[in-house]
Amino acid sequence: MGFENIIGHEAIKTQIQNSIAQGKFSHAHLIIGEDGLGKSLIAKGTALKILGKEIDRIYVDIIEWRIEKSKKSIGVDDIRDIIKEVNKKPYEGDKKVVIVYEADKMTTEAQNAFLKTIEEPPKGVTIILLCQNSELILETIKSRCQIHRLKRLNFEEMERYIKREYPDLDNEMIRQVINFCEGIPGRSELFLENETFKNLRNITMEILVLLNKKEKYIMKTYEEFFNKYKEWWEEILNCFISYIRDIILYKEMGKYDVIINVDKIKEIKGLSNIYSFKELSKIIDIINDTREKIERKVNLVLVFDMMLLKMQEV
């Protein structure tokens, strides 16, 4: 996608275009940002500018390297493969761009193996690394790259994006999607089009309603749900947090226009009359503690069972 079609990140786009036009563009770049912010769009747009291409399509001199789905990290052998690509001469002209996705999954050894190539790539080659967590990137890598940090889009930018991508949505739904995305345009597809996520939203609200009824069977009932969607654990917890956030805001302000999950307003209103602010705060702490345990690789289903038990005891 060309820069003209990317909504947001104006300062970064301008800086990149100006430095390319002036022949001052660095040979190594690190684009940092949350998933869904547009890292890949900026990288591809940059590659098109470097190659002087107007049409967004596949070019042999734009190499996009992605980690295999079966792997959790980028190892030294993977880096050797990337270096081989870097060292191949451009096919069409005198320039070539190598884009490495999820660069923060490189092991320390892999980053050290890549260091010399990043510092001194062959003439005409530009390396662009994309990452979400820059803390996992060695300082020696960062110091050799031009760094671009993507920020979340503002309300007006998000509104332009949603209206362009989903022109048939009414104003109420547009507002709901914008509130849900919180400045991350890529999350709109998850909210509007992903059936699994829609099911997660429904089930997590169902759980919150049943928790209040102190039903003893609830842990056993939802074990299968948590096991089935264990790869979605982050979104499950995000759904819980989003609902609790709405309950707190509605309880405090009594207004619909501050609510993200407008389609669940009946349940949110009901729960706001049941839970105190102190109890809701405790539930948030329980959810955050659950997140930490899962990140430490504790058994996921067991952790979720304990989460529900603690939430029920609030």
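In what order do the five strands of the open sheet lie, and is their pairing parallel or antiparallel?

## The sheet

The five strands form an open sheet in the order β2-β3-β4-β1-β5, and their pairing is parallel; strands here are DSSP runs of E with at least two residues, helices are runs of H or I with at least four, and both are numbered from the N terminus. Two strands pair if DSSP finds at least two bridges between them. The edge strands, each of which pairs on one side only, are β2 (62–65) and β5 (146–149). On average, and with direction ignored, neighbouring strands of this sheet are turned by 15° against each other.

Strand β1, which covers residues 28–32, pairs with β5 in the parallel sense over four bridges, and H29 stands opposite Q146 in β5. Helix α3 (residues 76–87) lies across β2, β3 (96–100) and β4 (125–131), and runs at about 165° to β3.

## Basis of the model

This is a predicted model, in which local features need pLDDT of at least 70 and side-chain atom pairs count only at pLDDT 80 or more, whereas totals for chains, interfaces and linings use all residues. Residues are numbered from 1 along each chain as its sequence is written, and side-chain values use heavy atoms, with hydrogens and water left out.

## Domains

The domain assignment of the protein chain, which comes from an automatic or database source, gives domain 1 (3–149), domain 2 (153–182) and domain 3 (194–313). The C-alpha centres of domain 1 and domain 3 lie 38 Å apart.

## Helix α9 and its partners

Helix α9 (residues 195–212) packs with helix α10 (residues 218–228) at an angle of about 170°, their axes being 12 Å apart; axes are lines fitted to C-alpha atoms, for helices over the stretch in contact, and angles run from 0 to 180 degrees between N-to-C directions. That angle makes α9 roughly antiparallel to α10, a word used for angles over 145 degrees. The contact, meaning heavy atoms within 4.5 Å, is made by L200, I203, E206, I207, L210 and L211 of α9 and by I218, Y222, F225 and F226 of α10.

The axes of α9 and helix α14 (residues 300–313) come within 9 Å and cross at roughly 45°, which makes α9 oblique to α14; oblique covers the angles left once those under 35 degrees (roughly parallel), over 145 (roughly antiparallel) and 65 to 115 (roughly perpendicular) are set aside. Here I207, L208 and L211 in α9 meet L308, M311 and Q312 in α14.
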